[in-house]
Amino acid sequence: MVMNLLLRAVAAMYTIDELFQWLCYAFIEHFQIELIEFWTPLLTPARTSVLHLRTMLPRDPNLPEQITYNEQMLLIAQRFAFEQRPIQTFAIEMLFPPQQVSLLHQHACHYCLGGFMSSPVLLPAPPATPGPQEPLPFALTYLFLVGYQPPPELQQAITMLLRQAIGLATQRGLLLHPPVPGSAVPGPGSRAALAGPPGATARTPGPGRQSQPVPLTALIPRRKEDAELLTSENPFARSAAIADKRARRLHGAIDGLQSIAELVQSTGMELADVLAALQILVKMRRVELVDPDGRLVSAERLFES
């Protein structure tokens, strides 16, 4: 559900900060999060990299700032950034001093989920940042405060949604590809070319960027018919042999041009149903996956989603 909304929303975004804000609202609405903080690196005028609170959103707008933005929050974020571990869950008593624990309990914040995520792309500087404006390697430290004991499914949902969001942001141009050796480092002036107003021409990655991982939803399913079906006189035989209703519906929509994300929108199916249908079609050897450049991609990623 949330992933489907993200696929539609990201098409209208032009900065990574819009995406961070959207993610905060989505997590709070769908998972009852009390407070979300996204921390990213920032270059100071002295060209020193520091951890910067990029986006913060409390569920309760009356949550005091002394709780949401203080030295202890910074220390916790620095700890997660230094350890660079995937998402973990802690009772807040394990992270905060007693006085702050008492305040957090009063505002239904009993547990903290925190983690670190990176990607081989560049993060544009925040808007109106003093000092250097050049992008930095993408690194995201995140803190989620909740009022209930988080089940493992919540950790998995946060991780999956953040990974997919980073992939879509890269595809959309909200995050920048590293420069080709010998070329200039992309700066603020290059952002408009990557994510400009409606009607602008999308940038095509150059040869030096092909090693970047393509997000799962950007892959393109392509039919892979058996010779017996190809020679059948019945034009409906190719889909009729597929027993699963979802797989049959998706197979009929696959044209070798639409990505997984586009198939979600054109068929009206949920992303989870599209992926489940693709798994069936791959096992039946009825489809294969290619990247946007037409190169064959291993279908194993479908079964890791």
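Select strands β6, β7 and β8, which form an open sheet in that order with antiparallel pairing; strands here are DSSP runs of E with at least two residues, and helices are runs of H or I with at least four, numbered from the N terminus. Two strands count as paired if DSSP finds at least two bridges between them. The edge strands are β6 (220-223) and β8 (296-297), each pairing on one side only. Four bridges join β6 to the antiparallel strand β7 (residues 287-290). Within this pair, Ile220 stands opposite Val290 in β7.

The model is predicted: local features need pLDDT of at least 70, side-chain atom pairs count only at pLDDT 80 or more, and totals for chains, interfaces and linings use all residues. Residues are numbered from 1 along each chain as its sequence is written, and side-chain values use heavy atoms, without hydrogens and water.

Next, select the five strands that make an open antiparallel sheet in the order β2-β1-β5-β4-β3. At its edges, β2 (49-58) and β3 (88-91) have a single partner strand each, so one side of each is left without a neighbour in the sheet. Then display β4 (residues 111-123) and β5 (residues 136-146), which pair in the antiparallel sense over ten bridges. Leu123 stands opposite Leu136 in β5.

Finally, turn to helices α1 (residues 2-10) and α2 (residues 16-31). Val2, Leu5, Leu6 and Ala9 in α1 meet Leu19, Trp22, Ala26, His30 and Phe31 in α2, contact meaning heavy atoms within 4.5 Å. By class, this contact has eight nonpolar, one polar and no charged residues; Ala, Val, Leu, Ile, Met, Phe, Trp, Tyr, Cys and Pro count as nonpolar, Asp, Glu, Lys and Arg as charged, and the others, Gly among them, as polar.
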